[in-house]
Amino acid sequence: MKVFLRQPLFYSQVTHMETTKTNALGSIHISDKAISSIAARTAALVPHVHALDATLAESAARRLGRGSLSQGAETHISGNAVEITLRLIVESGYRIPDIALKVQKAVKEAVERDTGCQVDAVHILIAGIVFPADKEAGQ
């Protein structure tokens, strides 16, 4: 009698790359969405970052009750290269390159610490600026 062992269903759908680790107990895969969530959370905590900007698709998903913790962040994994792109809305009155550099450093450190993956680049897109009058109006 032949016995066939089946791999877990998700296993065949996972592309092995830098974020997949295999050990004696099985494999661990960290998805690009998980990495994006870490990056978005970290960027939002940097002083003078007002928010992360949602794409049209992310805005529509949020309206349908399918919001994501990774809103405003995209992660691309290619082999050993992890690249993150963040769309930020920053507060006016502060030097934008300084804010962007703080976000880059914080995100790189957090993602590498939390996942063990090497981050090659953190790209910053300043999608908007919030002025004091906008903050008072609740925007």
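Helices H1 and H3 sit oblique to each other, a label for angles that are not under 35 degrees (roughly parallel), over 145 (roughly antiparallel) or 65 to 115 (roughly perpendicular). Helices here are DSSP runs of H or I with at least four residues, strands are runs of E with at least two, and both are numbered from the N terminus. The model is a predicted one, so local features need pLDDT of at least 70 and side-chain atom pairs count only at pLDDT 80 or more, while totals for chains, interfaces and linings use all residues. Residues are numbered from 1 along each chain as its sequence is written, and side-chain values use heavy atoms, with hydrogens and water left out.

Two packed helices are described by the angle between their axes and the distance between the axes. For H1 (residues 32-44) and H3 (residues 96-115), the angle is about 140 degrees and the axes are 9 Å apart. The axes are lines fitted to C-alpha atoms, for helices over the stretch in contact, and the angles run from 0 to 180 degrees between N-to-C directions.

On to the salt bridges: the whole structure has 6 of them, each a side-chain nitrogen of Lys or Arg within 4 Å of a carboxyl oxygen of Asp or Glu. One of them joins the side chains of Arg 41 and Asp 114, at 3.4 Å from N to O. That pair ties together distant parts of the chain, with Arg 41 in H1 and Asp 114 in H3, 73 residues apart. Arg 41 is partly exposed at 44% relative accessibility, and so is Asp 114 at 39%; the cut-offs are under 20% relative accessible area for buried, over 50% for exposed and in between for partly exposed (1.4 Å probe, protein chains only).

Asp 114 also forms a salt bridge with Arg 113, at 3.1 Å from N to O. Arg 113 is exposed, with a relative accessible area of 53%. Arg 41, Glu 109, Arg 113 and Asp 114 are linked in a network of such bridges. Within H3, Glu 112 and Lys 108 lie 4 residues apart, about one turn of the helix, and their side chains meet in a salt bridge at 2.8 Å, N to O. Glu 112 is partly exposed at 25%, and Lys 108 is partly exposed at 30%.

Then there is His 48, in the loop between H1 and strand S3 (49-52). Its phi is near 75 degrees, a positive value in a residue other than glycine. Most residues other than glycine have a negative phi.
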